[in-house]
Amino acid sequence: MRKLTYYVATSLDGFIADPTGADPSAPGGLFTLTPDYVEQMITHYPETLPVMAREAMGITASGTSFDTVVEGRRSYQLGLDMGVTNAYPHLRHYVFSRTLGPSQDPSVDIVATDPVEKIRELKAQDGLGIWLVGGGELAGALHAEIDELILKVNPVTACTGIPLFGDKTPFSPHRYTLTDNTALPSGALFLTYTRTP
């Protein structure tokens, strides 16, 4: 059975973007991509870098963790606004949306049905892990299906914005065990948690 991993950058107080939903890793955004932070991503999760970054840095490594990426409509829109119809062409790519029309890219599947049902279908298939890139609303809908959290905790507080699991997710505690942690000199933490059975 494949795992669903929510691999996401967050502030110290649990926000993944500012209140506008702007790209948090863009220049002047909520998060600062320091050299050690980028190196950690390249070394351990090169498949999670978008195509523009991979091309700019000459990265060709396919990675060993994920072969599929899933995201919500707002996360996908960040790429569309830059003219990128598929930021992850090296992965199987699914976008969950009930408002988007047909896909503008033949390698991106738009899913307008129940996200839980689709994730369970994907988990049952052969392959590497499934990466949930965001956003918070989709993460909230898939909360019960998340097997692993990899949090890139940035040394910043936001006080408000888009929470890790959106603002409509009902109270539903799930326990996790810390299975890996890396503290970077820049102050960011990469924390891996596995869901406790």
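Start with the sheet: eight strands make up an open sheet, ordered 5-4-3-6-1-7-10-9, with mixed pairing. Keep in mind as you look around that this is a predicted model. At the edges of the sheet sit strand 5 (108-111) and strand 9 (176-183), each of which pairs on one side only. Going from one strand to the next, the twist averages 20°.

Strand 1 and strand 6 run parallel and are joined by three bridges. If you want a landmark there, find Tyr6, which stands opposite Leu132 in strand 6.

Helix 3 (residues 73-80) lies across strand 3 (66-72), strand 4, strand 5 and strand 6, and its direction is at about 100° to strand 3. Helix 4 lies across strand 1, strand 3, strand 4, strand 5 and strand 6, running at about 165° to strand 4.

That brings us to the packing. In soluble globular proteins, nonpolar side chains tend to be buried together. Here, the largest nonpolar core has 23 residues, and Leu4, Tyr6, Val70 and Leu132 have the most contacts inside it. The elements giving two or more residues to this core are strand 1 (4-11), strand 4 (92-96), helix 4 (115-123), strand 6 (129-134), helix 5 (136-141) and strand 7 (148-154). So what does Leu132 touch, leaving aside its neighbours within four places in sequence? Leu132 is in contact with Leu4, Thr5, Tyr6 and Tyr7, with Val70, and also with Leu138, Ala139, Leu142 and Ile146. There is a second, separate core too, with 20 residues, among them Met41, Trp131, Val133 and Phe190.

Time for the charged side chains. A search of the whole structure turns up seven salt bridges. Take Lys3 and Glu148, whose side chains meet in one of them at 3.3 Å, N to O. This pair ties together distant parts of the chain: Lys3 is in the segment before strand 1 and Glu148 is in strand 7, 145 residues apart. Are the two partners buried or exposed? Lys3 has 40% relative accessibility, so it counts as partly exposed, while Glu148 is buried because its relative accessible area is 11%, and the cut-off for buried is under 20%.

Another spot worth a look is Glu145, in the loop between helix 5 and strand 7. The side chain of Glu145 meets that of Arg120 in a salt bridge (2.9 Å, N to O). Glu145 counts as buried at 10% relative accessibility, whereas Arg120 is exposed, with a relative accessible area of 51%.

With 7% relative accessibility, Lys123 counts as buried. Step back and you can trace one network here: salt bridges that share partners join Arg120, Lys123, Glu145 and Asp147.

Methods. Residues are numbered from 1 along each chain as its sequence is written. This is a predicted model: local features need pLDDT of at least 70, side-chain atom pairs count only at pLDDT 80 or more; totals for chains, interfaces and linings use all residues. Side-chain values use heavy atoms; hydrogens and water are left out. A nonpolar core is a set of buried Ala, Val, Leu, Ile, Met, Phe, Trp, Tyr and Cys residues joined through side-chain atoms within 4.5 Å. Buried means under 20% relative accessible area, exposed over 50%, partly exposed in between (1.4 Å probe, protein chains only). Helices (H or I, at least four residues) and strands (E, at least two) are DSSP runs, numbered from the N terminus. Contact means heavy atoms within 4.5 Å. A salt bridge is a side-chain nitrogen of Lys or Arg within 4 Å of a carboxyl oxygen of Asp or Glu. Two strands pair if DSSP finds at least two bridges between them. Axes are lines fitted to C-alpha atoms, for helices over the stretch in contact, and angles run from 0 to 180 degrees between N-to-C directions.
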